[in-house]
Amino acid sequence: MLRFLTAGESHGPAEIAILEGIPAGMSLSVDDIQPDLEKRRGGLGRGGRGKIETDEVEILAGVRFGKTLGSPIALMVKNLDSENWKVKMSIGAKPNHLEGGLTWHVNTITNPRPGHADLSGSLKYNFDDIRNVIERASARETVMRVAIGAICKKFLTEFDIAISSQIIQIGKVQLSKSFDSKKIEEVILDATKRKDTLGGVIEIIAQNVPPGLGSYVQWDKRLDGKLAGSLMSIPSVKAVEIGDGIANASYLGSEVHDEIYYDKKRKFYRQTNRAGGIEGGVSNGEDIICRIYLKPLSTLGKPLNTVDIKTKKKTEALIERSDICVVPRAGVIAESMIAFVLADAFLEKFGGDSLSETKRNFAAYLRGL
Ligand SMILES: Cc1cc2nc3c(=O)[nH]c(=O)nc-3n(C[C@H](O)[C@H](O)[C@H](O)COP(=O)(O)O)c2cc1C
């Protein structure tokens, strides 16, 4: 139904994306996308790159007179740091080995960072310069996922579905439900002073999702599987939880499952939501609740030991400009991935080449519940 691809190297000229499958007739402008890009760009724990990039999105195709055409939507965000690299690195540096029209120059990197794609990527693609891996493995690419996600969110809001997120843990510190920015600042500052990095936990909630998205009939149609896969694809995310999945494993069934009620207005509903809004791979009408667990970043100010890929001798891992903690910025990336999966599942269920057709189909379904 819905699909997207991204392209772009972290210090190449631009990040680009194509999203296909959004129905025709939906209002769309850069103003719908830019606020989420801002959320990803700034924030506590961010390194120097955030100050260089403006992350301004351009819509290059798929929209006419402010409305989607049903054709692929093409997006671009220029990498402003690309210019700095050309200037800074051209002094006495060797041309790099990347092909594909990139003109910037860098020194060859041979000391892989534990925890990054550096070594596994170099072995896989037979590179002798780890920069070739870093440029695409970099989470700079998530700028396009957020742009795509913003369009999917806009689509979902047409059906009153809203997605939000909150940080619930940074490092070992649990946070209260209200965004405790002072506490977060303290913890991140402490890690910065120690030249170390931090991970954490984020909760993402999708509200007002109708029952019936996803399916139990085939493994690859399960909504929980799709959500977990999409969230795991975010760099640094090492575990995904749906509902109270982790805690539930220690309780009795009678303490876990959410009893079913019916009310003429609310229709079928639950008083608890330990399942996180999905049963049997299908949304059940309750809020969809996911948690993601992010590891601490791998670029360390005090580098770990590694082995040089050329000499095979012990050395220290690469140090380069890096974030300390991405948890404050990762919530919007997770929201975007969830928005994409839900918009896709929604279109699979209700179809429609134009927004009005999708709305008609949805309204008829609701009447039948
Ligand atoms: C928004 C965002 C920004 C990131 N920035 C950095 C960074 O500055 N330095 C770093 O070492 N890792 C950073 N990462 C994490 C790496 O991209 C990631 O750990 C690496 O690609 C290896 O993938 P994996 O952790 O999923 O195994 C960032 C992740 C995200 C989501």
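Student: Let's start at the ligand. By class, how many residues of the shell around the ligand are nonpolar, polar and charged?

Tutor: Before that, two ground rules. This is a predicted model, so to speak of local features we need pLDDT of at least 70, side-chain atom pairs count only at pLDDT 80 or more, and totals for chains, interfaces and linings use all residues. Residues are numbered from 1 along each chain as its sequence is written. For the classes, Ala, Val, Leu, Ile, Met, Phe, Trp, Tyr, Cys and Pro count as nonpolar, Asp, Glu, Lys and Arg as charged, and the others, Gly among them, as polar. Here the shell has nine nonpolar, eight polar and three charged residues.

Student: Which residues are the closest to the ligand?

Tutor: A residue is near a molecule or strand if its C-beta atom, placed from the backbone, lies within 6 Å of it. The ligand has 20 residues around it, and A139, P235, T299, S322 and D323 are the closest. Helix α11 (residues 327-350) gives the largest share of the shell, three residues. The names come from DSSP runs numbered from the N terminus: helices are H or I with at least four residues, strands are E with at least two.

Student: Now the sheets. What is the strand order in the open sheet of four strands?

Tutor: The general idea is that strands of a sheet pair through backbone hydrogen bonds, either parallel or antiparallel. Two strands count as paired if DSSP finds at least two bridges between them. In this sheet the order is β1-β2-β6-β3, and the pairing is antiparallel. β1 (3-7) and β3 (57-61) are at the edges with a single partner strand each, so one side of each has no neighbour in the sheet. From one strand to the next, the twist averages 20°.

Student: How many bridges join β1 to β2?

Tutor: Five, and β2 covers residues 14-20. To place yourself, find T6, which stands opposite A17 in β2.

Student: Which helix packs on that sheet?

Tutor: Helix α6 (residues 142-157), which touches β1, β2, β3 and β6 (73-78). Contact means C-beta atoms, placed from the backbone, within 7 Å. The direction of α6 makes about 35° with that of β2; axes are lines fitted to C-alpha atoms, for helices over the stretch in contact, and angles run from 0 to 180 degrees between N-to-C directions.

Student: Why is α6 called largely enclosed by the rest of the structure?

Tutor: Count the neighbours: a residue is buried if 20 or more other C-beta atoms lie within 10 Å of its own, exposed if 12 or fewer, and partly exposed in between. In α6, 15 of the 16 residues are buried, so the rest of the structure largely encloses the helix.

Student: And M76, how does that count?

Tutor: M76 is in strand β6. It has 18 C-beta neighbours inside 10 Å, so M76 counts as partly exposed. Beyond its neighbours within four places in sequence, M76 is in contact with A14, I16, E58 and L60.

Student: What is the order in the open sheet of five strands?

Tutor: β8-β7-β9-β15-β10, with antiparallel pairing. The edges are β8 (173-174) and β10 (237-242), each with a single partner strand, so one side of each is left without a neighbour in the sheet. Strand β7 (residues 162-170) is joined to β9 by eight bridges, with I167 partnered by I202. β9 and strand β15 (residues 288-294) pair over seven bridges, and there A206 has I288 as its partner.

Student: Which residues make up the covered face of β9?

Tutor: G200, I202, I204 and A206; the uncovered face has V201, E203, I205 and Q207.

Student: Last one: where is K312, and is it buried or exposed?

Tutor: K312 sits in the loop between β16 (305-307) and β17 (314-316).

Technical notes:
Contact = placed C-beta atoms within 7 Å.
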